[in-house]
Amino acid sequence: IGYKVTIVERKNTLLLKETAITYHNFNIYNDNHKTFATLLRKFDVKGERLANIKFDPRLYTIINNIINKAKLIPHNILMSHTFTSLCKYLLSEKESDELNAYENIFSGIFNVMNALDCINLFTYDLSDKSNYYYLSNARINELISKMVTQFTIKGGKVIMNNEVKNIRYIKKKYSVYTVHHTLSCDILFTTISKTNLSAFTFWN
C-alpha cells in the first residue's frame, strides 16, 4: 500500500529449529483459525489432519453449561471477571470443585484470563466439532521462507543480527536505534516484551 517496510530481527534466522521439541501455538490449528488457514492455502503449505482427538466428556459438560449461562451476560461484565470468578457465580459447588481439578491442565489460565477470552478459547480453539491439523516445524519453515521471498520481491528488507536498543519519537517519526543501524519510520510494529517496552525512551 505504498510503504517501504523493514524487519529488524535480533537472531540470525527467522526459521525455527526443525528438531526442537518445543511446540508453538501455530503447530496445531483447527477449522476455526480461518486467517491462518487462508495464509497456508495462499502459500500452498499443507498441515496433517489429526484423527482420534478425544475430549474429556465431563469437562465439556461443565464448560458448555458455563457457555450457555454466560450468553445472557453482557460482554463488558465478562471482560471484567476472570473465568474463575465467573464460575463461582454460575456453577454449583460440586461443579466448581470438579472444574478446579482441571486447573493444572490449563496452566492456571482460568485465574488470569478474563471470562470472555476463556469462553472464546473453549468455543473456537477447543471444540469437538472442529477438525484439527498439525504443522511440523519443517512445514512452518517452508511457510516462513515463502513469505520472506514474497516480502523481499515486493521490496521489503530484512536486517538480521540486530537488536533494537533505543526508540525515540522525534518530529512525528520513530527513530529506531539498533546495534548497527538507525532507522526512521512513520509506523512501528513490535513484539510486546518487557525489553521492547523499556526501549521506548519517550515514555519516560
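Student: Which residue stands opposite Y133 in strand 4?

Tutor: The model before us is a predicted one. Strands of a sheet pair through backbone hydrogen bonds, either parallel or antiparallel. In this case, R49 is the residue that stands opposite Y133 of strand 4. Strand 3 and strand 4 (residues 132-134) are joined in the antiparallel sense over three bridges.

Student: What is the strand order of the open sheet?

Tutor: The order is 2-4-3, and the pairing of these three strands is antiparallel. Strand 2 (28-30) and strand 3 (48-50) form the edges, each pairing on one side only. From one strand to the next, the twist averages 40°.

Student: How should I approach the nonpolar core, and which members of the largest one touch the most other members?

Tutor: In soluble globular proteins, nonpolar side chains tend to be buried together. Here the largest nonpolar core has 22 residues, and those touching the most other members are I63, I66, L78, F83, L86 and L99. Helix 2 (57-70), helix 4 (83-90) and helix 6 (115-125) are the elements that each give two or more residues to this core. Helix 2 contributes the most, with six residues.

Student: With which residues is F83 in contact, leaving aside its neighbours within four places in sequence?

Tutor: With those neighbours set aside, F83 contacts I63, I66, L99, F110, M113, N114, A115, C118, I119 and F122. There is also a second, separate core of 11 residues, among them F36, F43, Y133 and I140.

Definitions and conventions
Residues numbered from 1 in each chain as written. Predicted model: local features only at pLDDT ≥ 70, side-chain atom pairs only at ≥ 80, totals over all residues. Heavy atoms only, no water. Core = buried A, V, L, I, M, F, W, Y, C linked by side-chain atoms within 4.5 Å. Buried < 20%, exposed > 50% of the residue type's maximum accessible area, 1.4 Å probe, protein only. Helix = DSSP H or I, 4+ residues; strand = E, 2+ residues; numbered from the N terminus. Contact = heavy atoms within 4.5 Å. Pairing = 2+ DSSP bridges. Axes fitted to C-alpha atoms, helices over the stretch in contact; angles between N-to-C directions.
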